[in-house]
Amino acid sequence: MAAACIFCKIIKGDIPSFKLFESERVLAFLDIQPLSLGHALVVPKHHGAKLTDIPDESLTEILPVAKKLAQVVNAENYNVLQNNGRLAHQEVDHVHFHMIPKPNQHEGLGIRWPAQATDMDKLKTLFNELKAKM
């Protein structure tokens, strides 16, 4: 854990939270600046700034817990969001996943998806490079 990390302080109990779920590896709690009612965070207890910093075994419960949160808040529409780095809108340098109910057009996550035209030759080259590394 990192001494200055707000999520590490929440995990340790130094900062109170509206804890919804806790296990040996994961903590889930309500977001105190929600985008909609029921907006919650799922946080691995292992400290790491980016997803690639977290051991795989510390990630195994994340999506099942996010799924359960969506079910218990009765969210018909919702986003599960995880950001890595400032350009990707990460504000807290501890991996966390948002489960954000989207009850209507005004509440919840609002996003743009600026899709780009595809050069199929470049895409094939990229595919081959990435597949070889997998």
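Start by selecting K45: with 18% relative accessibility, this residue counts as buried, because the cut-off for buried is under 20%. Keep in mind as you go that the model is predicted.

The side chains of K45 and E22 form a salt bridge, 2.7 Å from N to O. E22 sits in strand β1 (residues 19-22) and K45 in the loop between β3 (40-44) and α2 (62-72), so this pair ties together parts that are 23 residues apart in sequence.

Which other residue forms a salt bridge with E22? Select K19: the closest N and O atoms of K19 and E22 are 2.8 Å apart. Together, K19, E22 and K45 make up a network of salt bridges. E22 counts as partly exposed, at 37% relative accessibility, and K19 is partly exposed too, at 49%.

Next stop: D93 and R86. Their side chains meet in a salt bridge at 3.0 Å, N to O, and D93 is partly exposed at 38% relative accessibility. Searching the whole structure turns up 4 salt bridges.

Now zoom out and colour by charge. You'll find 15 positive and 15 negative side chains, with the centres of the two sets 1 Å apart.

Finally, switch to a cartoon view. The chain has 3 helices and 5 strands, and from the N terminus they run α-β-β-β-α-β-β-α. The C-alpha trace spans about 50 × 35 × 25 Å along its principal axes. Of the 134 residues, 33% are buried.

Note on methods: Residues are numbered from 1 along each chain as its sequence is written. This is a predicted model: local features need pLDDT of at least 70, side-chain atom pairs count only at pLDDT 80 or more; totals for chains, interfaces and linings use all residues. Side-chain values use heavy atoms; hydrogens and water are left out. Helices (H or I, at least four residues) and strands (E, at least two) are DSSP runs, numbered from the N terminus. Buried means under 20% relative accessible area, exposed over 50%, partly exposed in between (1.4 Å probe, protein chains only). Lys and Arg count as positive and Asp and Glu as negative; His and the chain ends are not counted. The place of a charge is taken as NZ of Lys, CZ of Arg, CG of Asp or CD of Glu.
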